[in-house]
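Dear colleague,

I am passing on the structure we spoke about, and below it you will find an account of what turned up when I went through it. Please read the notes with the structure open beside them.

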Amino acid sequence: MSIPVNRNPAARVYSTWSRLLARSWQVGRRERCLVCSARVALAAGGLPGLCPDCAGAMPWSRHACPACALPLPAGEAAQACGHCLRQPPPLHACHASFVYGFPLDRLLPGAKFHGDLAASRALGEWMAAGLWRHLPDDAWPQALVPVPLHRARLRQRGYDQALELARPLARRLRLPLRDDLLTRVRDTTPQSRLDAAGRRRNLRHAFAVRDGVRVPAHVVLIDDVMTTGTTLHAAARILRRAGVARVDAWVCARVP
Ligand SMILES: [Zn+2]
Ligand SMILES: [Zn+2]
């Protein structure tokens, strides 16, 4: 008489043992939530790096202007906002994964100024997960281009936030990362200290496309936080002038 494998006592012992082993491995794999420091199991079904409460509180951008990512009431989000209709931006499309706010405001400054690589990696992964689900077929670019820092600022900070976001995005979405395309040729005053006209003046001639590189027809600029969009617009204008037919932007968070 043959015994089915799952009735076999030895197999049962083995499977109990492997379940226990798996559980202890999971316990070993617990880490702290990036936002509230609660102990969480890694990738426990929600967003990697977050406890279920913080994952549930993430401010995903749901309805927004397709040209500048400004949050809009649900019924108005299909068309561009009044500002973009009056003054069409140089970006063909602009997508923000999140609206800037809690609990993202706990993570982004750490990722930007303190070189918190775990936070940057998680932010890039979350952006990729949202884009993978919602990006229309015609919005897939030929390359991702992180908004570059000036060399002097990179030396000071030791770390390029846009590039660190772009890496997991490129890997997850299987898109080429082109951080060789665009350079920042002028070290500008931080934009947060200036008004709108000052921001535009500040960024004039700030970017350049490297000599001799072949530009793709459709690229997406990657940046961490978008406030007025002046930086992205300046970068997009330079890329357009260099022959890129379509420039979009994907940012982690849009300040409303
Ligand atoms: Zn948490
Ligand atoms: Zn708009």
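In helix α8, the residues G198, R199, N202 and L203 are buried. Around the helix axis they cover an arc of only 120 degrees, and they therefore lie on the same side of α8. The face turned away from that buried side carries R200 and R201, which are exposed. As for what the buried residues of α8 pack against, the partners are β5, β6 and α9. Just after α8 comes H205, which takes a positive phi of about 60 degrees.

Please bear in mind throughout that this is a predicted model.

**The chain as a whole**

The chain has 256 residues, of which 44% count as buried, and it contains 9 helices and 8 strands. If one takes the contacts in the chain with a separation of 6 or more, 71% of them are between residues 24 or more positions apart. The chain exposes about 14400 Å², and carbon and sulfur atoms supply 53% of that area.

**Helix α9**

Helix α9, one of the elements against which α8 packs, runs over residues 230-241 and has 12 residues; from its first C-alpha to its last it reaches 17 Å, which is close to the 16 Å expected at 1.5 Å a residue. Because 9 of its 12 residues are buried, α9 is largely enclosed by the rest of the structure. Those buried residues are T230, T231, L232, H233, A234, A235, A236, I238 and L239. Their cover includes β5 (182-184), α8 (196-203), β6 (207-209), β7 (218-226) and β8 (246-254). The helix is followed by G243, whose phi is positive and near 110 degrees.

**Strands β4 and β7**

Strand β4 (residues 143-146) sends A143 and V145 one way and L144 and P146 the other way, and all are buried. It pairs with β7 in the parallel sense over 4 bridges, and within β7 the bridge partner of L144 is V220.

Strand β7 also holds D223, which counts as buried because its relative accessibility is 11%, the limit for that class being under 20%. Leaving aside neighbours within four places in sequence, D223 is in contact with V147, A162, L165, L232, W250, V251 and C252.

**The nonpolar cores**

The largest nonpolar core has 34 residues, and those that touch the most other members are L50, L123, W126, L144, L169, I222 and W250. Two or more residues come from each of α2 (52-57), α4 (104-113), α5 (117-134), α7 (161-173), β7 and β8, and α5 gives the most, with 7 residues. Not counting residues up to four places away in sequence, I222 touches L144, V145, P146, V147, A162, L165, A166, L169 and W250. There is also a second, separate core of 32 residues, which includes L72, C84, C94 and A234.

P59 is found in the loop between α2 and α3 (82-86), and with a relative accessible area of 17% it is buried. In sequence P59 and G101 are 42 residues apart, yet in space they are 6.8 Å apart, C-alpha to C-alpha. Apart from residues up to four places away in sequence, P59 touches S97, F98, V99, G101, F102, P103 and L104. Two of these, F102 and P103, are joined by a cis peptide bond with omega at about -5 degrees, and P103 lies in the loop between β3 (93-99) and α4.

**Two loop residues with positive phi**

S37, although it is not a glycine, has a positive phi of about 65 degrees; it lies in the loop between β1 (30-32) and β2 (39-41) and counts as partly exposed, at 38% relative accessibility. R174 is likewise not a glycine and has a positive phi of about 55 degrees. The place of R174 is in the loop between α7 and β5, and at 69% relative accessibility R174 counts as exposed.

With best regards

Note on methods. Residues are numbered from 1 along each chain as its sequence is written. Chains are lettered from A and ligands numbered from 1 in the order in which they are written. This is a predicted model: local features need pLDDT of at least 70, side-chain atom pairs count only at pLDDT 80 or more; totals for chains, interfaces and linings use all residues. Side-chain values use heavy atoms; hydrogens and water are left out. The expected span of a helix is 1.5 Å times one less than its number of residues. Buried means under 20% relative accessible area, exposed over 50%, partly exposed in between (1.4 Å probe, protein chains only). Contact means heavy atoms within 4.5 Å. Two strands pair if DSSP finds at least two bridges between them. The arc is that of the directions from the helix axis to the C-beta atoms. Accessible areas come from the Shrake-Rupley method with a 1.4 Å probe; for residues, only the protein chains shown count as cover. A nonpolar core is a set of buried Ala, Val, Leu, Ile, Met, Phe, Trp, Tyr and Cys residues joined through side-chain atoms within 4.5 Å.
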